[in-house]
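Subject: Structure handover and notes

Dear colleague,

My notes on what turned up in it follow.

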Amino acid sequence: MTKATTVTSGRTLGSLQVSSLGLGCQTMTGKLYGPVTSRDDMITLIRTAHDQGVTFFDTAEAYGPLESERIVGEALQPVRDQVVIASKFGFDIDLQTGERRGGRNSRPDHIRTSVDAMLQRLRTDHIDLLYQHRVDPAVPIEDVAGTVKDLIGEGKVRHFGLSEPGPQTVRRAHAVQPLTAIQNEYSMLFRGPERDILPLCEELGIGFVPWGPVGMGFTTGTITPFTRFAEGDFRAAVPRNSPENLAANMPLVQLIQDWAVRKGATPAQLSLAWLMAQRPWIVPIPSTTRMGHLADNLGAEQVTFSAEELRELNAAVAAIPIRGERLAPQVLAQTGVEAPPL
């Protein structure tokens, strides 16, 4: 049933050419969903992804913090000129110790300091795609975009992106420095970007990068009504994953499994292929720490839908109500924020 596991085609985010599927590297520090086998294994996994055609790798200074960038930098240094590295700034992190000091920080001087430190951790002289990780409610987006524009002029950054912004913030940022990509949560389990952000991306020519493209594991079918997440697993604090909500949301898993059989694919492949079918400028970045899951995910490119199949599947997904918020309240409050006026 598993499709071929080599990425053979590419997509365009704005003017940036990337593989049709990327690799999210957030979980590779072992601090999001649970421990990983070893740091060396994560480096091997990233290099294997590249060997299999992946050219787009996503990280952030907040992942670890700092350690995910170090892993990505070491893994990709031998092939740096063949890949696209995306990273993110925007949280108040001690760039020496990695201590999270709390809150967001997108002051221009902090952005510059963050980028210089990123370049060292990533073992490179430029960042291909630099996102503001979350909108800073204390800093006008024009100041942020202007700082990134200067960094692009200096050659330290190639492209600009925003993660989980409000729509008006997107317009204001784009007017100062054209955006290449927006990164938001998007999957069969959470379709929020379809309302405002995807139409805005289409209007402005901005690419879209879904994080959590398999619903933090939910749409792969590996989570059941009886799943309980371990202490320290990020998913344990997500309201959508409470026992009663897991049970209520199982009809979506059944739908995905039925369609996966119909298409001769796995549920993960079906989930990722559905995302890619929505727009030609959508590039999912599934995160994994297991070689088998990587191979499974990469097979999604081989799963296609006719126009009628896609209409049928979209209607079926839309008909299933999803219970529970997608993030813990304190994390959700940082999404969809509009930047303060200039």
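**Overall fold**

In the protein chain, 76% of the contacts with a separation of 6 or more are between residues 24 or more positions apart; a contact means heavy atoms within 4.5 Å. This is a predicted model, in which local features need pLDDT of at least 70 and side-chain atom pairs count only at pLDDT 80 or more, while totals for chains, interfaces and linings use all residues. Residues are numbered from 1 along each chain as its sequence is written, and side-chain values use heavy atoms, with hydrogens and water left out.

The secondary structure comprises twelve helices and eleven strands. These are DSSP runs numbered from the N terminus, with helices being H or I of at least four residues and strands being E of at least two. The radius of gyration is 19 Å, close to the 20 Å of the globule rule for 342 residues, so the chain is as compact as a globular protein of that length. That radius is taken over C-alpha atoms, and the rule is 2.2 Å times the number of residues to the power 0.38. Along the principal axes, the C-alpha atoms fill a box of roughly 50 × 40 × 40 Å.

Of the 342 residues, 57% count as buried, meaning under 20% relative accessible area, with exposed being over 50% and partly exposed in between (1.4 Å probe, protein chains only). The chain exposes about 13500 Å², of which carbon and sulfur atoms supply 51%; areas come from the Shrake-Rupley method with a 1.4 Å probe, and for residues only the protein chains shown count as cover.

There are 33 positive and 38 negative side chains, and the centres of the two sets lie 2 Å apart. Lys and Arg count as positive and Asp and Glu as negative, leaving out His and the chain ends; each charge is placed at NZ of Lys, CZ of Arg, CG of Asp or CD of Glu.

**The sheet**

Seven strands form an open sheet with parallel pairing, in the order β3-β4-β5-β8-β9-β10-β11. The edges are β3 (23-24) and β11 (207-211), each with a single partner strand, so one side of each has no neighbour in the sheet. Two strands pair if DSSP finds at least two bridges between them.

Strand β10 (residues 181-185) runs parallel to β11 and is joined to it by five bridges. Across this pair, A181 stands opposite G207 and Q183 opposite V209. Five of the five residues of β11 are buried. G207, V209 and W211 lie on one side of β11, with F208 and P210 on the other, and both faces are covered.

**The β4-α2 loop and helix α2**

G64 and P65 are joined by a cis peptide bond, with omega about -15°. P65 sits in the loop between β4 and α2. L66 lies in that loop too, and its phi is near 75°, a positive value in a residue other than glycine. L66 is buried, at 1% relative accessibility.

Helix α2 (residues 67-76) has seven of its ten residues buried: S68, E69, I71, V72, G73, A75 and L76. Their cover includes α1 (39-51), β4 (56-58), β5 (84-89) and α3 (108-122).

**A further positive phi**

E164 is not a glycine, yet its phi is positive at about 55°. E164 lies in the loop between β9 (157-163) and α5 (167-176) and is buried, with a relative accessible area of 2%.

Regards
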